[in-house]
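Let's take a quick tour of this protein. Have the sequence and the 3D view open, and look up each residue as it comes along.

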Amino acid sequence: MSVELKIEAARAALTLVRDGMRLGIGTGSTADEFIRLLADKVKDGLQITGVPTSIKTKNLCEELGIPLSTLEVMPELDLVIDGADEVDAEFQLIKGGGGALLREKIVAHASKAMAVIADESKLVDTLGAFPLPIEVNKFGLAATHTAISTVASKLGLSGEISLRGGEVSPFETDGGHLILDASFGHIPDASALSKELLEIPGVVEHGLFLGYAKVVFLASPDGVKQLGHL
């Protein structure tokens with residue numbers, strides 16, 4: 001996705017932001033473009049309070065002068081704007097390519113609505129071509145990996161389940177967890193997989209975002225298409 005397309009998708013989503021909003025702010029390269037556009041509006045007088053979904057997002061918002069709070073102080077939000085790694089026709093998402101899926105889902109759950117910004121290549125018929133991030137506890141990693149493999153087999157899913165960053169220097173989330181990326185290729189029943197994964201004690205959260213997105217802005221060289229509405 002070119003920077004120009006990211007900017008246009010972000011610009012379209014910015015039209016949803018109103019004075020006084022309690023705004024969840026996503027993580028990732030497309031969300032970064034939204035943050036930059038939002039900062040310009042704040043400088044022009046737009047009054048919002050943001051809750052960032054990662055340390056990286058928090059740092060960029062602070063650098064650009066966007067007022068921030070936390071879910072402890074402001075536990076209910078009006079809207080969250082975030083990117084996605086995949087989205088299907090039912091607005092089911094795969095997120096977590098940037099490693100912030102747990103905090104992204106917590107913020108999405110605290111928000112009345114979620115808007116997604118992406119390019120048209122992220123729209124898929126069936127989720128799964130993008131490896132599904134699964135955030136796991138460090139303790140019992142091998143057992144958790146085995147349990148995830150068992151669940152996948154039960155649901156007719158196959159493919160490599162790899163530790164992000166590798167064994168020597170694994171990627172660590174803001175919450176101090178690890179991520180297993182599951183390359184299933186095709187997830188015909190995302191709801192069933194979601195339920196099964198969350199029953200595994202070592203799984204902290206997964207990157208299937210089901211029932212959160214209300215509107216999706218998809219950028220292409222021909223412009224930005226809006227799917228759904230608030």
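Start with Ile35: at 0% relative accessibility, this residue counts as buried (buried means under 20% relative accessible area, exposed over 50%, partly exposed in between, with a 1.4 Å probe and protein chains only). Keep in mind that this is a predicted model, where local features need pLDDT of at least 70, side-chain atom pairs count only at pLDDT 80 or more, and totals for chains, interfaces and linings use all residues. Residues are numbered from 1 along each chain as its sequence is written, and side-chain values use heavy atoms, with hydrogens and water left out.

**Around Ile35**
- You'll find Ile35 in helix α2 (helices are DSSP runs of H or I with at least four residues, strands are runs of E with at least two, and both are numbered from the N terminus).
- Not counting residues up to four places away in sequence, Ile35 touches Ile25, Gly26, Thr57, Leu60, Cys61, Leu64 and Ile66 (contact means heavy atoms within 4.5 Å).

**The nonpolar cores**
- In soluble globular proteins, nonpolar side chains tend to be buried together.
- Here the largest nonpolar core has 30 residues, and Val17, Leu23, Phe34, Leu38, Ile48 and Ile81 touch the most other members (such a core is a set of buried Ala, Val, Leu, Ile, Met, Phe, Trp, Tyr and Cys residues joined through side-chain atoms within 4.5 Å).
- Among the elements that give this core two or more residues are α1 (3-14), α2 (29-43) and β12 (213-220).
- There's also a second, separate core of 24 residues, which includes Ile94, Val151, Ala152 and Ile200.

**Two helices side by side**
- Helix α5 (residues 141-154) and helix α6 (residues 190-198) pack at about 150°, with axes 10 Å apart (axes are lines fitted to C-alpha atoms, for helices over the stretch in contact, and angles run from 0 to 180 degrees between N-to-C directions).
- That makes α5 roughly antiparallel to α6 (angles over 145 degrees count as roughly antiparallel, under 35 as roughly parallel, 65 to 115 as roughly perpendicular and the rest as oblique).
- Where they meet, Ile148, Val151 and Lys154 come from α5, and Leu193, Glu196 and Leu197 from α6.
- In α6, the buried residues are Ala190, Leu193, Ser194, Glu196 and Leu197.

- Most residues other than glycine have a negative phi.
- Phe91 isn't a glycine, yet has a positive phi of about 65°.
- Look for Phe91 in the loop between β4 (86-87) and β5 (93-94), where Phe91 is buried with a relative accessible area of 15%.
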